[in-house]
Amino acid sequence: YQRWKTGKDIVLISSGTYIDLESYKQANFVPEGLTIDNGKIVNEKTTDKFDGFVIVYATGGIAVANIKEQKVNITCNGQPKSYDIKNNTFDRQEFIACAKDVEATTFQTHLLAFKDQPKVGLNGSQNKASRRFLAACKMGGVLYHVIVHTDEEQTLSQAALDAFDFLKKFKEMDEVIFMINLDTGMQNVFELYDERGNKRNDIVGKTPAEKATNLLVYYYE
């Protein structure tokens with residue numbers, strides 16, 4: 001990351017997806033679920049634990065699919081394609097080949113809201129922790145990416161419902177297209193910079209960036 005960020009103006013960095021527990025114990029730090037980094041395969045196995053599948057295109061656009069209920073859409077060679085990456089091995093391999101070609105980044109995580117509806121119930125895990133979510137929202141026809149962060153220790157379900165209400169009622173977003181979870185457990189990296197490139201101190205993670213196993217980065221060049 002330190003080498004990569006040279007010449008880029010960083011807006012924020014955050015820990016991204018979950019790390020497989022066994023790989024964490026062995027210090028291999030392999031993300032859990034189908035993970036591709038700019039077209040490079042990191043983990044080619046899907047997991048049933050997470051229904052949110054995230055595609056970050058080389059252009060910076062983000063798309064999310066609910067792989068428990070739908071196929072994954074991706075554009076290859078200018079043509080839209082749909083793949084059942086969860087249940088169809090051939091489709092998964094075809095998707096991976098396509099992601100390599102377009103240098104896409106992918107990962108799996110909890111899908112907390114989708115198509116303007118919460119996707120959680122209050123009967124989930126009762127473990128409490130600080131929480132951080134990434135939401136794509138629309139207001140007045142404009143698309144916004146919103147990071148919602150709380151240091152208050154809450155269950156994932158309650159924090160997600162509170163964040164959804166915050167976006168809809170307090171921020172008055174017309175639509176929450178999706179909201180996904182960002183890991184604050186095994187790693188809790190977060191750095192935010194102002195318009196002058198100075199690091200802010202009001203919202204910070206507990207894990208130094210040097211200890212990150214994977215990062216979601218917003219930047220411009």
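## Disulfide

The torsion about the S-S bond of Cys76 and Cys98 is about -120°, so the disulfide is left-handed. A disulfide here is a pair of cysteine sulfur atoms within 2.5 Å, and by this rule the count comes to one. The sulfur atoms of Cys76 and Cys98 lie 1.3 Å apart. The bond links distant parts of the chain, with Cys76 in strand β6 (residues 72–76) and Cys98 in helix α2 (residues 89–102), 22 residues apart. Helices (H or I, at least four residues) and strands (E, at least two) are DSSP runs, numbered from the N terminus.

Cys76 has 8% relative accessibility and therefore counts as buried; Cys98, with a relative accessible area of 4%, is buried. Buried means under 20% relative accessible area, exposed over 50%, and partly exposed in between (1.4 Å probe, protein chains only). Cys137 also counts as buried, at 0% relative accessibility.

## Basis of the model

This is a predicted model in which local features need pLDDT of at least 70 and side-chain atom pairs count only at pLDDT 80 or more, while totals for chains, interfaces and linings use all residues. Residues are numbered from 1 along each chain as its sequence is written, and side-chain values use heavy atoms, with hydrogens and water left out.

## Salt bridges

Side chains of opposite charge can pair when their charged atoms come close. The rule applied is a side-chain nitrogen of Lys or Arg within 4 Å of a carboxyl oxygen of Asp or Glu. A search of the whole structure finds seven salt bridges. One of them joins Glu32 and Lys49, with the closest N and O atoms 3.0 Å apart. Glu32 lies in the loop between α1 (21–25) and β2 (35–37) and Lys49 in the loop between β3 (40–43) and β4 (52–56), so the pair ties together parts that are 17 residues apart in sequence. Glu32 is buried, with a relative accessible area of 13%.

Asp48 and Lys86 form a salt bridge at 3.6 Å, N to O. This pair links distant parts of the chain: Asp48 sits in the loop between β3 and β4, and Lys86 in the loop between β7 (79–83) and α2, 38 residues apart. Asp48 counts as exposed at 57% relative accessibility, and Lys86 as partly exposed at 25%. Glu191 pairs with Lys199, the closest N and O atoms being 3.5 Å apart. Glu191 is buried at 14% relative accessibility, whereas Lys199 is partly exposed at 45%.

## Nonpolar surface patch

Leu21, Tyr24, Phe29 and Met186 form a nonpolar patch on the surface, with about 330 Å² of accessible area together. Patches are made of residues with over 30% relative accessible area and no salt bridge, where like charges are joined within 9 Å and nonpolar side chains (Val, Leu, Ile, Met, Phe, Trp, Tyr) within 5 Å. Accessible areas come from the Shrake-Rupley method with a 1.4 Å probe; for residues, only the protein chains shown count as cover. Phe29 lies in the loop between α1 and β2 and is partly exposed at 33% relative accessibility.

Gln187 is found in the loop between β13 (175–182) and β14 (190–192). At 2% relative accessibility, Gln187 counts as buried. Leaving aside neighbours within four places in sequence, Gln187 is in contact (heavy atoms within 4.5 Å) with Ser15, Gly16, Thr17, Ile19, Thr207, Ala212, Thr213 and Asn214. The side chain of Gln187 reaches the backbone oxygen of Thr17 at 3.4 Å.

Conventions
Polar contact = N/O pair within 3.5 Å; in protein donor to acceptor, adjacent residues only side chain to side chain.
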